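Please look over the sequence and the model below before reading on. The briefing that follows goes through the helices, the surface and some single residues.

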Amino acid sequence: MKTLLNLIWLVLAGFWLALGYVVAGIICCLLIVTIPFGIASFRIAGYALWPFGRTVVDKPTAGAWSVIGNVIWIVVAGIWLAIEHLVTAIALFVTIIGIPLAIANLKMIPISLMPLGKQIVPSERGFAAYGGPDRG
């Protein structure tokens, strides 16, 4: 089921969302100071391309620099990527088949606003990290 959802996602929203993250990553990599933002943007581009079966969890080693970086990220690119997710979600809500995808799109807004200090893991690991049974 995850593969089917990912394929539908890729066609209806994933390609364009990932492209937005790649463009933001390229822009951020132009300056040495913003390279960490570019790397985070490229990481999220992969997640935006194929999200089902993966989840976002807090990185245990994240510190104060992640918080400061996220504030800068919101101003530089985060707000625009969050708007991209919102517009895509509205367009997906219009169709019947797109409603679950629109909900998934809205769930991606927090990482589009604050990507530093987060990591993308398979859903089973993310579930286990929050006290669920470890399935491998």
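The points below describe this structure, which is a predicted model. Helix H1 covers residues 2-28 and has a kink. Helix H2 covers residues 35-49, and its end-to-end reach is close to the expected value. The structure holds 1 salt bridge, and a nonpolar patch lies on the surface.

**Helix H1**

- Helix H1 has 27 residues, and a straight helix of that number would span 39 Å at 1.5 Å a residue.
- H1 has a kink of about 65 degrees, and the kink is centred on Leu 10.
- The buried residues in H1 include the glycines Gly 14, Gly 20 and Gly 25.
- Also buried in H1 are Asn 6, Trp 9, Ala 13, Leu 17, Ala 18, Tyr 21, Ala 24 and Cys 28.
- Among the elements that cover these buried residues are helices H2, H3 (64-94), H4 (99-107) and H5 (109-113).
- In an α-helix there are 3.6 residues a turn, so residues three or four places apart point the same way.

**Asn 6 in H1**

- Asn 6 has its place in helix H1.
- Asn 6 counts as buried because its relative accessible area is 2%, and the cut-off for buried is under 20%.
- Asn 6 is in contact with Trp 50, Pro 51 and Phe 52, leaving aside neighbours within four places in sequence.
- Gly 53 is 47 residues from Asn 6 in sequence, and the two C-alpha atoms are 8.8 Å apart in space.

- H2 has 15 residues and reaches 21 Å from its first C-alpha to its last.
- That reach is close to the 21 Å expected at 1.5 Å a residue.
- The buried residues of H2 are Phe 37, Gly 38, Ala 40, Ser 41, Ile 44, Ala 45, Tyr 47 and Ala 48.
- The cover over these residues includes H1, H3 and H5, as well as strands E1 (54-58) and E2 (118-122).
- Thr 34 sits in the loop between H1 and H2.
- Thr 34 is buried because its relative accessible area is 14%.
- Thr 34 and Leu 10 are 24 residues apart in sequence, and their C-alpha atoms are 28 Å apart.

- Thr 88 is part of helix H3.
- Thr 88 has a relative accessible area of 17%, so this residue is buried.
- Thr 88 touches Ala 13, Leu 17 and Asn 105, not counting residues up to four places away in sequence.
- Ile 103 belongs to helix H4.
- Ile 103 is partly exposed because its relative accessibility is 39%.
- Ile 103 and Ala 89 are 14 residues apart in sequence, with 7.1 Å between their C-alpha atoms.

**The nonpolar patch**

- Which residues form the nonpolar patch on the surface? They are Trp 65, Ile 68, Ile 72, Ile 74, Val 75, Val 76, Ile 79, Trp 80, Ile 83, Val 87 and Met 114.
- Together these residues have about 1100 Å² of accessible area.
- Ile 83 lies in helix H3, and its relative accessible area is 40%, so Ile 83 is partly exposed.
- Ile 83 and Ile 72 are 11 residues apart along the chain, and 17 Å separates their C-alpha atoms.
- Met 114 is in the loop between H5 and strand E2.
- Met 114 counts as partly exposed because its relative accessibility is 40%.

**The salt bridge**

- Which side chains meet in the salt bridge? They are those of Asp 58 and Lys 118, with 2.4 Å from N to O.
- This pair links distant parts of the chain, with Asp 58 in strand E1 and Lys 118 in strand E2, 60 residues apart.
- Asp 58 has a relative accessible area of 44%, so Asp 58 is partly exposed.
- Lys 118 is also partly exposed, because its relative accessibility is 24%.

How values were computed: Residues numbered from 1 in each chain as written. Predicted model: local features only at pLDDT ≥ 70, side-chain atom pairs only at ≥ 80, totals over all residues. Heavy atoms only, no water. Helix = DSSP H or I, 4+ residues; strand = E, 2+ residues; numbered from the N terminus. Expected span 1.5 Å × (residues − 1). Bend = angle between axes of the 7 residues up to and from the residue. Buried < 20%, exposed > 50% of the residue type's maximum accessible area, 1.4 Å probe, protein only. Contact = heavy atoms within 4.5 Å. Patch = residues over 30% accessible without salt bridge, like charges linked within 9 Å, V, L, I, M, F, W, Y side chains within 5 Å. Areas by Shrake-Rupley, 256 points an atom, 1.4 Å probe, with all protein chains shown as cover. Salt bridge = Lys/Arg side-chain N within 4 Å of Asp/Glu carboxyl O.
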